[in-house]
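This report describes selected features of one structure. The sequence and the coordinates are shown first, and the description follows.

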Amino acid sequence: WPVYAPYVKAINELKKERNAVLLAHNYMTPEIFHCVGDIMGDSLHLAKEAARAEADVIVQCGVHFMAETSKILSPEKTVLIPDSRAGCSLAEGITGADVRALKAKYPGVPVVTYVNTTAEVKAESDICCTSSNAVQVVESLGVPEVIMIPDQYLAMNVAAQTNVKIHTYAGSCEVHERFTPEELRAYREDDPSIVIIAHPECPPDVVKEADFSGSTSAMINWVKVNKPKKVVMVTECSMSDNVAAETPEVEFVRPCNLCPHMKRITLPNILDALVYMHEEVTVDPALAARARAAVERMINLPV
Ligand code: 13P
Ligand code: SF4
């Protein structure tokens, strides 16, 4: 990739100069994921590593809620996002006032909040969860019912795996909601030996068609461990590209639903972020303290 080489060199040099660590979500394009990322992973892994990082600067290569989570967990560090317009349909679909309305509707019922939310929404919550620990988080509370926000599909997929009653909210991921069971059945008809793995933000009838469902990192690990001959990863496009580079023996069938928000992060704007130290992500300290309690309660669970 000669076109990327000058950017990769400059970014890696500036990271050292600034004592910066680059957190790259699994949906970053391969030249970011493999050439400049220091810590790669799913939302849970990145949140934990943000808390542990010894660097002065975190460059969050992912979407805005991820950068906010890093700032909430590391208020003393400078957190940069290369493009602050990198949003998320889940985070944008719910406000703190919506959560307060739900709490009024279901008094005393704890609120389990997906990390794909703003600090304001986390601050109204009892505990956070990610796609890799959602069932364990719900069951850790030892209660008969919870409110689970904002992703209705993640909540329905969790409900299928627990006896805890789940009150849902109408949020959804604009990338994963587009997959259909019909398209997955068509892959199987075409090649009955194909393995299908899906992210739990997909609708339940899609997840039902899959052989495995898990967080982005769980999906990657599944492919690395099981090395299927042919696989379809039912999630954002870059995932297959990133794993394919490490598992040449596996054939990837690629239905491609792009996350336009994740794709706002590029090598040129990562370089700009490090040169100009922008765009800095800030969270009001009082709000951050309330949000931190919900995130740390999740991180401190033995899961
Ligand atoms: P993961 O926590 O599985 O990485 O999911 C984050 C996300 O935004 C998926 O769309
Ligand atoms: Fe949000 Fe969906 Fe994009 Fe993930 S893939 S960041 S949930 S819009």
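## Annotated cysteines

C88 is buried, because 22 other C-beta atoms lie within 10 Å; a residue is called buried if 20 or more other C-beta atoms lie within 10 Å of its own, exposed if 12 or fewer, and partly exposed in between, with C-beta atoms placed from the backbone. This is a predicted model, in which local features need pLDDT of at least 70 and side-chain atom pairs count only at pLDDT 80 or more, while totals for chains, interfaces and linings use all residues. Residues are numbered from 1 along each chain as its sequence is written, chains are lettered from A, and ligands are numbered from 1 in the order in which they are written.

C88 sits in the loop between strand 4 (78-80) and helix 5 (89-92). Helices (H or I, at least four residues) and strands (E, at least two) are DSSP runs, numbered from the N terminus. Not counting residues up to four places away in sequence, C88 touches V63, F65, N116 and H261; contact requires C-beta atoms, placed from the backbone, within 7 Å. C173 is located in the loop between strand 8 and helix 10 (181-190). C173 is also buried, with 24 other C-beta atoms within 10 Å. Its contacts, leaving aside neighbours within four places in sequence, are S89, L90, D151 and E201.

The unreviewed UniProt entry lists C88, C173 and C259 under "binding site". These positions are spread over 172 residues of sequence, yet they cluster in space, with a largest C-alpha distance of 9.3 Å. UniProt positions are given in the numbering used here, feature names are shortened, and annotations may be inferred rather than shown by experiment.

## Shell of ligand 1

Ligand 1 is surrounded by N26, D42, S43, N116, T130, S131, C173, E201, S215 and T216; a residue is near a molecule if its C-beta atom, placed from the backbone, lies within 6 Å of it. By class, the shell holds one nonpolar, seven polar and two charged residues. Ala, Val, Leu, Ile, Met, Phe, Trp, Tyr, Cys and Pro count as nonpolar, Asp, Glu, Lys and Arg as charged, and the others, Gly among them, as polar.

Four strands form an open sheet in the order 6-5-7-8, with parallel pairing. Strand 6 (127-129) and strand 8 (165-167) are the edge strands, each pairing on one side only. Two strands pair if DSSP finds at least two bridges between them. Strand 7 (residues 145-149) and strand 8 pair in the parallel sense over three bridges, and E145 stands opposite K165 in strand 8.

Helix 9 (residues 152-159) lies across strand 5 (111-114), strand 7 and strand 8, and runs at about 175 degrees to strand 8. Helix 15 (residues 285-299) packs on the sheet, touching strand 5 and strand 6, and its direction makes about 60 degrees with that of strand 6. Axes are lines fitted to C-alpha atoms, for helices over the stretch in contact, and angles run from 0 to 180 degrees between N-to-C directions.

## Backbone exceptions

Most residues other than glycine have a negative phi, and most peptide bonds are trans. A cis peptide bond joins I149 and P150, with omega about -10 degrees; P150 is in the loop between strand 7 and helix 9. Another cis bond joins H278 and E279, with omega about -5 degrees.

N19, not a glycine, has a positive phi of about 50 degrees. N19 is exposed, with 12 other C-beta atoms within 10 Å.

Note on methods
Contact = placed C-beta atoms within 7 Å.
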